[in-house]
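Please read these notes with the structure open.

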Amino acid sequence: MALREFSGEGIYDGYPIVKANASHVNHLQNNLRDSDVRECIIHGATPFRALMAGLREPKGESYTVIVNRRPALIFGCSPICDNMIGKIWALGSYDINKIQRKFLKWCNPVVDYYQKQYYQLENVVPADHAHTLAWLDFVGFEILDPPVMVNGFQVLRFVRCKGKEILVNKEYSPVVS
């Protein structure tokens, strides 16, 4: 299946993307990239707890990218604010780097898939994660200043809307699990 549009579970460019489950979490919790472990720590969560948060959300939708028959990345989106806003997230291992070009090709269709369900997608990212901030810009998110503090760390809110108006306001506290 050529990836013009993401539609949930399937084989994309030869790589399975499947519904995320606890066995994927069990593998990834001990294999996350250092930057992802740091994000978990900033939010006061273990990798297991952070990964499971998306799976436990009854109205959330989470998927796992499989590389070499192992979970490489879990991503998802959960509704907040009367289903108008989706909290989008992704945590992964260094295995996702093995297919980096294909991963980058999938990013916009995946974000578009979630954007169809919500007026606004958002979350926060550590202010010093330059690589993640560049990727968020690549997939069309607006990075909002000024940074806010979460557990003593500066984080930046990132937002992508269907329209021109950002819901709530640009100064509100971050969305955390």
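1. Contact here means heavy atoms within 4.5 Å; helices (H or I, at least four residues) and strands (E, at least two) are DSSP runs numbered from the N terminus. The model is predicted: local features need pLDDT of at least 70 and side-chain atom pairs pLDDT 80 or more, while totals for chains, interfaces and linings use all residues. Residues are numbered from 1 along each chain as its sequence is written, and side-chain values use heavy atoms, leaving out hydrogens and water.

2. The buried residues of helix 5 (residues 130-138) are Thr132, Leu133 and Leu136. They lie on the same side of helix 5, because their arc around the axis is only 100°, taken from the directions from the helix axis to the C-beta atoms. Buried means under 20% relative accessible area, exposed over 50%, partly exposed in between (1.4 Å probe, protein chains only).

3. Ala130, His131 and Asp137 are exposed, on the face of helix 5 turned away from its buried side. After helix 5 comes Gly140, with a positive phi near 90°.

4. For the chain overall, five helices and eight strands are present, in the order β-β-α-α-α-β-β-β-α-β-α-β-β. Of its 177 residues, 49% count as buried.

5. Among contacts in the chain with a separation of 6 or more, 65% join residues 24 or more positions apart. The C-alpha atoms fill a box of roughly 40 × 30 × 30 Å along the principal axes.
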